Amino acid sequence: MMTITRPGDLWVIGPHRLICGSSADPVIVANLMGGERADLCISSPPYLHQRNYLTPIGDWNLLMQRSFALLPMCHEGQVLVNLGNVHRNGEVQTYWLDWLEWMRTQGWRFFGQYVWDKGAGLPGDWNGRLAPSYEHLFHFNRTTRKPNKTKAKRPGSIAYYTGKGMLRNPDGSKGKVSNKAAFLATHKVPDDVIRVRRDTAPGLARNHPAVFPVGLPMEIITAYSDPGQIIYEPFAGAGTTIIAAQRTGRRCYAVELQPEYCDNAIRRIQQVTGLVAVLDQSFEWFEVPNWLELMNLPLVEREECTNDNAPPDHVVI
Ligand SMILES: C[S@@+](CC[C@H](N)C(=O)[O-])C[C@H]1O[C@@H](n2cnc3c(N)ncnc32)[C@H](O)[C@@H]1O
């Protein structure tokens with residue numbers, strides 16, 4: 001299949017970057033980052049061999065080890081990885097266990113484990129199991145970064161402290177409250193059950209077999225990064241994390257192996273965000289932006305593109 005993206009291409013999409021290649025390839029990751037470091041990694045790698053991607057996954061552990069060995073994170077960086085359940089021969093496959101242990105050997109603490117509540121299970125025959133409605137989020141770090149208080153508290157729960165704390169001591173008695181001022185805060189830390197309904201993959205996202213909803217990376221991005229910071233996405237798929245970063249004012253640097261998926265991701269990002277993708281270095285457009293066609297301007301030949309011809313960063317079509 002003919003694609004616009006070629007292996008190795010680095011697309012600049014407003015403040016975001018998408019490179020076509022393997023996140024297990026040190027040259028690809030170095031080209032993507034250009035010497036910068038990420039503050040947060042949020043990603044959904046292939047779930048073992050659950051889906052048929054254009055290139056088969058091969059050895060899952062090897063892919064994960066090679067990709068995560070190259071994490072371009074700053075020292076304080078937080079790494080959150082979404083994986084789903086897989087069953088084979090009547091048994092749950094805990095395929096992540098060896099990789100979790102390997103992460104610890106690389107200096108990454110297995111810091112937290114969260115649940116993504118995808119909403120009510122779908123009707124169907126689940127081979128004797130209850131209908132699936134959750135997935136996992138594994139949280140790694142080298143040092144603790146307090147999450148942002150992104151969730152508004154119920155108005156009735158914002159009050160002066162009057163009684164004992166909610167947490168119990170080992171003997172069952174209620175403990176003291178360490179931070180009474182927190183009772184007056186209007187916002188709180190998000191729950192470790194992240195409630196985001198699964199997408200029905202509208203529009204261009206349909207072109208990818210395993211897309212997570214934009215709301216899922218948005219929850220993680222707003223909790224564990226600040227505006228302007230860099231989000232690393234080593235398995236970009238349909239570009240969902242880039243859209244989430246755009247919606248939250250962060251920059252996403254992403255890798256996707258398949259040129260076809262890169263093309264689809266760019267079309268989706270352009271359509272959803274109004275940003276325009278250009279090739280790094282040459283500033284060639286991914287596709288001629290609609291606004292040029294609409295204005296009936298003469299098109300610049302690709303070979304003649306110079307920096308001056310590059311479209312502005314934020315063009316709303
Ligand atoms: C579960 S999907 C990610 C979907 C993404 N979360 C989204 O919502 O758009 C995993 C993606 O990883 C890609 N992939 C597989 N091996 C890769 C590698 N070595 N480097 C980069 N991407 C890879 C696959 O092509 C697939 O698009």
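Author: A polar backbone atom of Ala238 lies 2.8 Å from an oxygen atom of the ligand. This is a polar contact, meaning a pair of N or O atoms within 3.5 Å; within protein, one atom must be able to donate a hydrogen and the other to accept it, and residues adjacent in sequence count only if both atoms are side-chain atoms. The protein buries 98% of the 610 Å² that the ligand exposes when taken alone (Shrake-Rupley areas with a 1.4 Å probe; for residues, only the protein chains shown count as cover).

Do keep in mind that the model is predicted, with local features needing pLDDT of at least 70 and side-chain atom pairs pLDDT 80 or more, though totals for chains, interfaces and linings use all residues. Residues are numbered from 1 along each chain as its sequence is written, and side-chain values use heavy atoms, leaving out hydrogens and water.

There are 22 residues around the ligand (a heavy atom within 4 Å of it), and His208, Phe212, Ala238, Thr240 and Glu256 come nearest. Two of these names lead us further.

Thr240 takes us to helix α5 (residues 240–248), where seven of the nine residues are buried, so the rest of the structure largely encloses this helix. Buried means under 20% relative accessible area, exposed over 50% and partly exposed in between, with a 1.4 Å probe and protein chains only. Helices (H or I, at least four residues) and strands (E, at least two) are DSSP runs numbered from the N terminus. The buried residues of α5 are Thr240, Thr241, Ile242, Ile243, Ala244, Ala245 and Thr248. Their cover includes β2, β3, α4 (215–224), β12, β13 and α6. After α5 comes Gly249, with a positive phi near 75 degrees.

Phe212 takes us to Asn82, since it is among the residues that Asn82 touches, as are Ser43, Trp116 and Leu216 (contact means heavy atoms within 4.5 Å). Asn82 sits in strand β4 and is buried, its relative accessible area being 0%. Its side chain makes a polar contact of 3.0 Å with that of Ser44 and also reaches the backbone oxygen of His136 at 3.1 Å.

Strand β4 (residues 73–83) pairs in the parallel sense with β3 (residues 38–43) over five bridges, where pairing requires at least two bridges found by DSSP. Ser43 stands opposite Val81 of β4.

Now for the wider setting. These strands belong to an open sheet of 10 strands with mixed pairing, in the order β11-β7-β8-β4-β3-β12-β13-β2-β1-β14. At its edges, β11 (193–195) and β14 (277–279) each pair on one side only. Neighbouring strands are turned by 20 degrees against each other on average, direction ignored. Helix α1 (residues 26–33) lies across β1, β2, β3, β12 and β13, running at about 160 degrees to β2. Axes here are lines fitted to C-alpha atoms, for helices over the stretch in contact, and angles run from 0 to 180 degrees between N-to-C directions. Helix α6 (residues 259–273), part of the cover of α5, packs on the sheet too, touching β1, β2, β13 and β14, and its direction makes about 160 degrees with that of β2.

Methods. Lists of a residue's contacts leave out its neighbours within four places in sequence.
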